[in-house]
Amino acid sequence: GNPELPTAVNITWSSINFKTILQWQPKPSGYFYTVEIHGQTSDTRKKCILTTETECDVTDVLRNVKETYTAHILSVTSSVMDNFEEPPFAVSEKFTPYSQTVLGKPEIQNYTQKDSKLNIVFQDPLTPYTFPNGSFKSIRDIFQHDLEYKLYYWKDQSSGKKDATTKSHTFEVSVESTNNYCFYIQGIIPSRRENRNGQESMVLCTSIGRNILDEYGAEVFIIAAVIAIAVITLAIVLSVILCKRKKAKAAREKEPLNGV
């Protein structure tokens with residue numbers, strides 16, 4: 001081989017919804033990298049041959065998602081590929097897509113709050129893998145009964161969360177009809193030891209028609225009450241003063257004129 005060539009370091013797997021990228025360092029100078037993917041039972045596959053990049057999309061060679069793989073990052077010159085010498089290489093940690101890929105964000109399609117029920121409809125994240133007809137498989141198509149979803153919901157402007165779990169595409173939970181609620185969803189694989197919880201969906205909130213107290217808070221009402229009391233007090237004081245002046249004027253008018 002060519003032991004003078006540097007070998008890859010800091011090799012990492014990055015995988016979301018089974019789209020898997022292999023990354024490493026350093027940037028090559030005067031040589032190339034070639035990636036070999038080794039499965040426990042599958043044939044070795046080469047990817048990103050003679051690349052000067054430090055990452056490689058290996059999604060399409062990991063289709064057997066329950067297989068455990070290792071990556072060999074070969075450091076090569078273009079001439080080495082033409083002979084039988086084994087180039088220097090570095091070996092990655094083991095990677096099993098089924099147990100290690102991260103679940104992506106579910107997409108919330110529709111939600112309604114009517115009376116005391118909050119209803120939510122959402123969609124599974126898609127994977128890069130396809131059915132024979134060309135349509136993309138969802139994570140549910142791969143995980144099947146291992147997949148469930150958790151809903152976290154709470155009263156708007158409150159910190160106390162409740163949760164619910166489903167294996168379907170919908171949630172229906174009981175709520176207080178007079179309050180708005182905020183919520184998010186995430187996928188979960190309970191059988192996993194690591195990476196059990198997926199990415200959280202965006203947070204959405206219902207809007208059933210907020211009353212003024214919800215909209216502006218109690219502080220505004222306190223200020224308004226103080227102002228109202230001040231106005232009423234001022235009106236009373238002015239009324240008392242005017243009344244006293246009228247009485248005083250009337251008393252003066254009733255007094256007999258001097259010298260009469």
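E53 is partly exposed, with a relative accessible area of 42% (buried means under 20% relative accessible area, exposed over 50%, and partly exposed in between, with a 1.4 Å probe and protein chains only). The model is predicted: local features need pLDDT of at least 70, side-chain atom pairs count only at pLDDT 80 or more, and totals for chains, interfaces and linings use all residues. Residues are numbered from 1 along each chain as its sequence is written, and side-chain values use heavy atoms, with hydrogens and water left out.

**Salt bridges**

- The whole structure holds seven salt bridges, a salt bridge being a side-chain nitrogen of Lys or Arg within 4 Å of a carboxyl oxygen of Asp or Glu.
- E53 and K27 meet through their side chains in one of them, at 3.7 Å from N to O. E53 lies in the loop between strand 4 and strand 5 and K27 in the loop between strand 2 and strand 3, so the pair ties together parts that are 26 residues apart in sequence. K27 counts as exposed, at 53% relative accessibility.
- K19 pairs with D57, the closest N and O atoms being 2.7 Å apart. This pair links distant parts of the chain, with K19 in strand 2 (residues 19-25) and D57 in strand 5 (residues 55-57), 38 residues apart. K19 is partly exposed at 43%, and D57 is partly exposed at 31%.
- A salt bridge also joins the side chains of K46 and E36 (3.0 Å, N to O). K46 belongs to strand 4 and E36 to strand 3, 10 residues apart. K46 is partly exposed, at 43%, whereas E36 is buried, at 14%.

**Sheet**

- Four strands form an open sheet in the order 4-3-6-7, with antiparallel pairing. Strands are DSSP runs (E, at least two residues), numbered from the N terminus, and two strands pair if DSSP finds at least two bridges between them.
- Strand 4 (45-51) and strand 7 (89-91) are the edge strands, each pairing on one side only.
- Strand 3 (residues 32-39) and strand 4 run antiparallel and are joined by four bridges. I37 has R45 in strand 4 as its bridge partner.

**Nonpolar core**

- The largest nonpolar core has 44 residues, of which L22, W24, I37, V58, L62 and I73 touch the most other members. Such a core is a set of buried Ala, Val, Leu, Ile, Met, Phe, Trp, Tyr and Cys residues joined through side-chain atoms within 4.5 Å.
- V58 touches W13, T20, L22, V35, I37 and K47, not counting residues up to four places away in sequence; contact means heavy atoms within 4.5 Å.
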